[in-house]
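Colleague: I'd like to learn how to read a model like this one, feature by feature. Can you walk me through it?

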Amino acid sequence: MIKKRIAILVPSNAGFLRTKFAESLVAVVLNFGVWNAAKGNKYILDCFIQQKGYDISFMREQLARVALEQKFDYLIHLDSYETFPPHLVQMFMESFEKDAALQAITGLYHFKTPPFCAHAYHAYDEVDDKFTLLAGFPLERPFPVQGAGFGVLAMKREVYEQVPRPFFKMVNGVMGEDLGFFRKYIKTNGRPVRMVLDPRIQVGHLTEVSIGLKSYLKANGLKVENKTIKVPDKTLKRIDGFQRKLTEGFKSVAGEESVQEDLCALCSTKFAQKK
């Protein structure tokens, strides 16, 4: 049996790895080992961490190239300022095993400034050249998205093989390198990546506290109805105002890190509620 190879790729623009991140990553690897052993060790898992400067685009590019050159089948991108569910990798792989047509899977990770929106995008508008930020969404089933950040993202190598290099580059100084990747894929292939967001995968964005789904709900006064988040028009306008600040170059600092990378990632003033 030919074993499939999985690479975890972590760029870090700090001179150290946060303790909570490191502990979380170790738990992910250990839990995967137990799960993989029970399946007859059908997968091989390696982890690559790059710490070199502050250019996230460059680090993501180098990590992806190394993984592709070494013939990895699945590339899992994680950011070094997050915490993850211990069963993260097996959740990704079980979804890929269940749906062979699926090309990528992301989870819920949130901006660390109010209104704590999820870093995921419902659709791409080719006319306006903008992605639509996700607002309301179901909580107990995966659903399609056309763009996402690379903070928690698993993708098959075939996706990279369908995109010209460089993979990661900011677009017009506004759209981040992560959304720039999905934009390039759409323009090259005439369709988006076959990707879903699995809301069971909930990531904590580390500042001085862990920012997640509960933060988003509380900050915006949102309620869950029939296991789905519903967002009233008044709240959508507030979120729209937040994104307008981002696209105008608004900058903020949380804890020890600048959120400039996060702020560059949003580029739309449109919002959608998934049903």
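**Strands, cores and rings**

Modeller: Let's start with a parallel pair: β5 and β11 run parallel and are joined by 4 bridges. This is a predicted model, in which local features need pLDDT of at least 70 and side-chain atom pairs count only at pLDDT 80 or more, while totals for chains, interfaces and linings use all residues. Residues are numbered from 1 along each chain as its sequence is written, and side-chain values use heavy atoms, with hydrogens and water left out.

Colleague: What holds strands of a sheet together, and in which senses can they pair?

Modeller: Strands of a sheet pair through backbone hydrogen bonds, either parallel or antiparallel. Here two strands pair if DSSP finds at least two bridges between them; strands are DSSP runs of E, at least two residues long, helices are runs of H or I, at least four, and both are numbered from the N terminus.

Colleague: Which strand pairs with β5 in the antiparallel sense?

Modeller: That's strand β10 (residues 152-156), over 3 bridges. There, A154 is the bridge partner of I105. Strand β5 (residues 104-108) is also mostly covered, with 5 of its 5 residues buried. Buried means under 20% relative accessible area, exposed over 50%, and partly exposed in between, with a 1.4 Å probe and protein chains only.

Colleague: How many strands are in the open sheet, and in what order?

Modeller: It has 3 strands in the order β4-β12-β13, with antiparallel pairing. β4 (82-83) and β13 (210-211) are the edge strands, each pairing on one side only. Strand β12 (residues 204-206) meets β13 over 2 bridges, and H205 stands opposite I211 in β13.

Colleague: Back to β11. Is D198 buried or exposed?

Modeller: D198 lies in strand β11 (residues 195-202) and counts as buried because its relative accessible area is 1%. The side chain of D198 makes a polar contact with the side chain of R200 at 2.6 Å. A polar contact is a pair of N or O atoms within 3.5 Å; within protein, one must be able to donate a hydrogen and the other to accept it, and residues adjacent in sequence count only if both atoms are side-chain atoms.

Colleague: Which residues does D198 touch?

Modeller: Leaving out residues up to four places away in sequence, D198 touches S95, I105, T106, G107, L108 and P142. Contact means heavy atoms within 4.5 Å.

Colleague: Now the nonpolar cores. What's the general idea?

Modeller: In soluble globular proteins, nonpolar side chains tend to be buried together. A nonpolar core is a set of buried Ala, Val, Leu, Ile, Met, Phe, Trp, Tyr and Cys residues joined through side-chain atoms within 4.5 Å. The largest one here has 53 residues, of which F137, M155, Y160, F181, F182 and Y216 touch the most other members. Its largest share, 5 residues, comes from helix α5 (residues 177-189). A second, separate core of 29 residues includes F21, W35, Y43 and F84.

Colleague: How many aromatic pairs are there in the whole structure?

Modeller: The search finds 18. Rings of Phe, Tyr and Trp (its six-membered ring) pair if their centres lie within 6.5 Å; planes under 30 degrees apart count as stacked, over 60 as edge-to-face and the rest as tilted. The rings of F137 and Y216 have centres 6.4 Å apart and planes at 15°, so this pair is stacked. It links distant parts of the chain, 79 residues apart: F137 is in the loop between β7 (130-136) and β8 (143-145), and Y216 is in helix α6 (residues 213-219). F168 and F181 are stacked too, at 5.6 Å centre to centre and 25° between the planes.

Colleague: Which residues form the aromatic cluster?

Modeller: F150, Y160, F167, F168, F181 and F182 form one cluster.
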